[in-house]
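Work through the exercises below with the model open. Try each task before reading its solution.

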Amino acid sequence: MRIQSVEPFILHAPIARGAISDSTNSISHWGIVGARITTSDGLTGYGFTGTHAHLASDRLITACIRDCYAPLLEGEDAMDGERLWLKLARYPPIQWVGRAGIVHLALAALDIALWDLRAKRAGMPLWKMLGGATSARLEAYNTDVGWLSITRDKLVSGCAKAVEEDGFKRIKLKVGHAEPMIDIGRIEAVRARLGDTVTIAVDANGKWDLPTCKRFCGRAQGLDIVWIEEPMWYDDVHAHAELAASASVPIALGEQLYTADAFQTFLDMDAVHYVQPDVTRLGGITEYIRVADAAHGRRRPVVAHVGDMGQVHVHLSFWHPATTMLEYIPWIRDCFAEPILVTDGAYALPETPGAGCTPTEQALRDYAQPL
Ligand SMILES: [Mg+2]
């Protein structure tokens, strides 16, 4: 299975519900930035990272794929997993200019495409090739109902619809106002409407500082919040360790961490309870597995962040024994040959060979951006 060509692409898919915001990000499109890898035996693998659909920075990723990594892959055997990951990630001139950021987003897309190829060659969905599903039910928690840009009344009615009509049992609400009591009021309104049986997580997207978090967590007692996600600046392991030791709300994080080493530091410092790796940022599936295994070694649940909107993570989540739950944001599902599917609050097991990231011809045509 020799690699013949590596061709980057950029797709900008509009968000069905229109523009959304959390405490840090405001977006109207999701960027699907990746590569198609073709092999000598006629197979085609796809991999991508997720972006804010900012064309100038998306082009930095595709330039890294095309100019830096593609020449290292062409002619190689796509079956070589760890060896190819190390060849790309540890190539000295590229490592010199980036052990995170753009370089890792490009590496992620290529590593995912290689796994997609291996699973297609095996004739199995990725979860099956990795060793089979370890959980019969993969719970979906709905993030798309809880954006900060949704008014309080619409937040309550939207969450009620997701629970009562669509069957979700778990939701996530964005927080991060300068005055955290505004967030407490929104959560109280949702909790009062939904009752005690629905699981509620909150996500501050790195916005707050330690005193604000302590104040928020104090006022949140009694609201049964399953976790507070990215409460503070992403890399501040000491602040997270102190919050984890002092607050009653468990901490979730990981979507902004680029390496297994970064996760290990948070685990070693007891600064994270729910571990949230993302293949699209971590350098792909190869590094994701290292993170999930490390978390499992500490008996910490792994709940992936879906920069891929779940297309790849659904496979990893059904397979990995540390995972029983996965985020749900259905923005780009129509872009893929086998879209993620959630029924009655649980993910369907994918059936098609591959890693779930083959775009439709229509998506490749309608959402393509110039490289
Ligand atoms: Mg988040």
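The exercises cover a metal site, an annotated span and a helix in this predicted model.

**Exercise 1.** Find which residues are the protein donors of the magnesium ion, and give their spacing along the chain.

*Solution.* Start at the ion. Its protein donors are Asp203 (OD), Glu229 (OE) and Glu255 (OE). They lie 2.0 to 2.2 Å from the magnesium ion. Next, read along the chain: the donors follow the spacing D-x25-E-x25-E. Now place the pair Glu229 and Glu255, which are 26 residues apart and link distant parts of the chain. Glu229 sits in strand β9 (residues 225–229). Glu255 sits in the loop between β10 (251–253) and α10 (260–268).

**Exercise 2.** Trace helix α1: where does α1 bend, and what covers its buried residues?

*Solution.* Take the length first. α1 (residues 55–73) reaches 25 Å from its first C-alpha to its last, close to the expected 27 Å. α1 bends by about 30° at Arg66. Its buried residues include Ile61, Ile65 and Leu72. Among the elements covering the buried residues are β1 (3–14), β4 (29–39) and α4 (102–122). Just after α1, Gly75 takes a positive phi of about 90°.

How values were computed: Residues numbered from 1 in each chain as written. Predicted model: local features only at pLDDT ≥ 70, side-chain atom pairs only at ≥ 80, totals over all residues. Heavy atoms only, no water. Donors = N, O, S within 2.8 Å, 3.2 Å for Na, K, Ca; no water. Helix = DSSP H or I, 4+ residues; strand = E, 2+ residues; numbered from the N terminus. Expected span 1.5 Å × (residues − 1). Bend = angle between axes of the 7 residues up to and from the residue. Buried < 20%, exposed > 50% of the residue type's maximum accessible area, 1.4 Å probe, protein only. Contact = heavy atoms within 4.5 Å.
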